[in-house]
Amino acid sequence: MAVIETDYLVIGSGIAGLTFALRAAEHGRVLVCTKRGSSDTATSWAQGGIAAVLGGDDSYESHVEDTLTVGDGLCQRDVVEMVVREGPAHVRWLADLGAQFDRDAVGEFELGREGGHHARRVIHHKDTTGAEVQRALISAVAAHGNIKILDDHIAIDLLSMAKYSGDPGCFGAYVLDARTGEVQTVIARATVLATGGAGKTYVYTSNPDTASGDGIAMAYRIGARVANMEFVQFHPTVLYHPHAKSFLVTEAMRGEGGILRLADGSEFMHRYHEMKSLAPRDVVARAIDNELKMTGENSVFLDVTHLDAEFVRGRFPNIADRCLELGVDVTASPIPVVPAAHYMCGGVATDAEGRTNIPGLYAIGETSCTGLHGACRLASNSLLEGLVYGARAAEAVRDEAPRRPPKVRPWMSYDATDSDDAIVVALNWDEIRRFMWSYLGIVRSDKRIERARRRIGLLRQEITEYYWDFKVTPHIVELRNLALVAHLIIDSALQRKESRGLHYTLDYPDKRAAFEKDTVLEYPGGPPL
Ligand SMILES: Cc1cc2nc3c(=O)[nH]c(=O)nc-3n(C[C@H](O)[C@H](O)[C@H](O)COP(=O)(O)OP(=O)(O)OC[C@H]3O[C@@H](n4cnc5c(N)ncnc54)[C@H](O)[C@@H]3O)c2cc1C
C-alpha cells in the first residue's frame with residue numbers, strides 16, 4: 001500500500017483549497033486530493049460573485065454592518081471586520097492571477113448588488129463568476145512546481161495520533177484512489193479540510209454532488225469541534241423544472257430589479273420585508289415556502305421581463321441560455337423558482353487562521369465555521385471567506401512541527417468483500433435526503449426534529465454495518481459522512497430552542513437572549529459510530 005509524504009495535504013480543490021495551495025506552495029510541498037475532477041466544486045457553480053468593498057460610495061463599515069445584520073447576533077465582530085478589511089486585496093490577487101472580472105468603461109471593477117447588501121459591492125464575471133475563478137486558480141496551480149493535484153482521490157478518514165498515543169493531533173489522511181480501489185496513506189505536517197458544503201443532505205439542493213459534508217464528518221470523528229450545524233441556508237430561487245437538476249437563479253437578478261410574483265402575477269414580498277424582493281435570502285425563502293403552502297402552487301416566479309432584454313441577456317447569459325433550453329425565454333416570461341438547500345453556515349469550528357482544536361488540522365471555506373456568517377450568510381460572502389482563510393491558513397501552517405507515530409498503520413480491509421447489495425446505499429441515501437427536507441427544512445418543529453432523530457439513529461447503524469462489511473467505495477464513504485452530518489444538523493437543531501437566522505421553529509418562533517451563542521458539538525468520549 002502506497003505511503004505518500006508531503007508538507008501540506010489539502011482535501012478539496014475549490015476556492016479555499018486552491019487558494020491555500022498557491023499561497024502555501026511558496027514555503028512547502030502541497031498535495032491536493034480531490035474526489036472527482038479538479039473543477040467539480042461548488043466554486044465552479046457560483047454565479048453572483050464575490051463581495052468586497054471596492055466602490056467609491058461603499059465603506060468597510062457598511063459591509064460589516066450588512067454582514068452582522070444578516071448574521072442575526074451570532075457573527076463574531078472581530079472576524080467580520082478582519083474579513084471585510086482584508087477582502088479587497090484578495091480579490092485583486094485573484095484578478096492578478098488572471099481571473100477576468102467584468103469592468104466598466106474606465107477599467108474599474110463593475111460592481112453588482114445582491115440581497116441584504118446596502119451598496120454595490122459584488123465583483124463578478126457575468127453570471128459565471130465561480131467558473132472563471134476556478135479556471136484561473138487551476139491554471140495557476142498547474143504552473144506551480146510545488147503543487148500536485150490528485151483527481152478522483154477521496155479522503156476516507158483523517159489520521160489521528162490519538163489512536164497511537166495520548167496526543168490528539170492529526171497527521172494526514174487515508175485516501176481512496178477511486179480509479180484503482182487502492183487506499184493510500186498520506187502523511188503531512190498540516191492537513192487542510194477544504195471539502196465544501198453539505199447540500200446533498202437535502203433532496204432539493206443547488207449544490208453539486210460533491211457536497212456531502214465529508215470534511216465535517218471526518219473532523220468530528222477524530223474529536224474536532226463542530227458548530228452551528230442547524231443553520232442551513234435555503235436559496236430562495238432555484239429553477240423549478242423537471243429537467244433542471246440543481247440550477248440556481250442568482251440573487252443578482254433580484255439585485256438588478258427582478259420581482260418575485262405569484263402564479264397570478266401579484267407581488268407578495270412587501271408583506272414580509274421592507275426590502276421586498278431584495279430582502280435577505282432566509283426571509284425570502286420562508287416567504288416563498290409560506291406562499292406555496294397557502295396557495296398549493298408548485299412554484300413562484302421571478303420576473304425580469306420589465307428590464308431591458310439586451311441587458312438581461314448580456315448580464316445573465318448562462319441563466320438566459322439554460323432557461324431557453326428548457327423553453328423559458330426569461331426576457332418574455334417569468335422564471336418558475338422554488339427554494340432549495342444551498343449553503344451550510346455551520347461546520348468545523350476554527351480560529352482566525354483556520355486552526356481547529358485538533359493540532360495539525362485546519363478547516364477553510366464552506367466546511368468551516370469561522371464566526372463570519374453567524375446564523376445566516378450574507379450573499380457573496382462565502383467565496384470571500386474561502387479566499388481570506390485560504391491565505392491566512394497558508395501563513396499559519398508554516399509553524400506546524402512534523403508529528404507522526406513511529407510506525408504508521410496501513411489501511412486494513414480485513415475480510416471485507418465486494419458489496420453485494422448496492423441498493424442499500426441508494427435507498428439510505430434517498431431516505432435521509434427526503435426526511436431531512438421534510439423535517440429539518442425551512443420551517444421546523446420539535447416533533448419533526450424528533451422524528452428525524454429516531455430515523456437517523458437506525459439508518460446510521462445500518463450504514464455502519466455496511467461500511468465495515470464491504471470494501472470501501474466512494475459512495476459508501478459519502479453516505480457514511482452524509483448520515484453523520486444529518487445527525488449533527490438534527491442534534492444542533494434540537495438544542496436551539498428559539499428561532500434565529502436560518503433556524504425557524506414553530507415551537508419557539510422568537511429569538512431568545514439565552515441562545516445568543518454558538519451550538520457546539522464534540523465527542524469527548526472518543527469517536528462515534
Ligand atoms: C449554485 C451555487 C451558486 C453560488 N453562488 C455564490 C456566489 O455567487 N457567491 C458566493 O460567495 N458564494 C456562492 N455560492 C457558495 C460558494 O460557491 C461556496 O460556498 C464556495 O464555493 C465553497 O468553496 P470551497 O472551496 O469551500 O468548497 P467547494 O468549492 O465546494 O470545493 C470542495 C472540494 O472538496 C472536494 N471534496 C469534498 N469531499 C472530499 C473528500 N472526501 N475527498 C477529497 N475531496 C473532497 C470536492 O470534490 C471539491 O473539490 C454558490 C454555491 C452554489 C452551489
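**Ligand shell, nonpolar cores and selected loop residues**

Glu251 is in contact (heavy atoms within 4.5 Å) with Glu114, Gly115, His235, Ala279, Arg281 and Ala379, when residues up to four places away in sequence are not counted. The structure is a predicted model, in which local features need pLDDT of at least 70 and side-chain atom pairs count only at pLDDT 80 or more, while totals for chains, interfaces and linings use all residues. Residues are numbered from 1 along each chain as its sequence is written, and side-chain values use heavy atoms, with hydrogens and water left out.

Glu251 is located in the loop between strand S11 (232-239) and helix H7 (252-255); helices (H or I, at least four residues) and strands (E, at least two) are DSSP runs numbered from the N terminus. With a relative accessibility of 1%, Glu251 counts as buried, where buried means under 20% relative accessible area, exposed over 50% and partly exposed in between (1.4 Å probe, protein chains only). A polar atom of the Glu251 side chain lies 3.4 Å from the backbone nitrogen of Gly115. A polar contact is a pair of N or O atoms within 3.5 Å; within protein, one must be able to donate a hydrogen and the other to accept it, and residues adjacent in sequence count only if both atoms are side-chain atoms.

Thr370 is placed in the loop between strand S17 (368-369) and H11 and is also buried, at 4% relative accessibility. Its side chain reaches the backbone nitrogen of Leu372 at 3.2 Å and makes a polar contact of 2.6 Å with the side chain of Glu385. Beyond neighbours within four places in sequence, Thr370 is in contact with Gln76, Val79, Thr350, Glu385 and Tyr389.

The ligand is surrounded by 38 residues, of which the closest are Thr43, Gly49, Asp214, Glu366 and Ser382; a residue is counted here if one of its heavy atoms lies within 4 Å of the ligand. A polar side-chain atom of Thr43 is 2.5 Å from an oxygen atom of the ligand, and a backbone N or O atom of Ala194 is 3.3 Å from an oxygen atom of the ligand. For Arg377, a polar side-chain atom lies 3.3 Å from a nitrogen atom of the ligand. Of the 1,000 Å² of accessible area that the ligand has on its own, the protein covers 98% (Shrake-Rupley method, 1.4 Å probe). Elements that give two or more residues to the shell are helix H1 (15-24), helix H2 (42-45), strand S7 (153-160), strand S14 (335-344) and helix H11 (381-396).

The largest nonpolar core has 77 residues, and Ile432 and Leu440 have the most contacts inside it. Such a core is a set of buried Ala, Val, Leu, Ile, Met, Phe, Trp, Tyr and Cys residues joined through side-chain atoms within 4.5 Å. Helix H14 (residues 474-495) gives the largest share of this core, 13 residues. Not counting residues up to four places away in sequence, Ile432 touches Thr201, Ile456, Leu459, Ile463, Leu479, Leu482, Ala483 and Ala486. Another core, of 54 residues, lies apart from it and includes Ile50, Ala99, Val192 and Ala194.

Asp72, which is not a glycine, has a positive phi of about 55°. Asp72 is found in the loop between helix H3 (60-71) and helix H4 (77-97) and is buried, with a relative accessible area of 19%.
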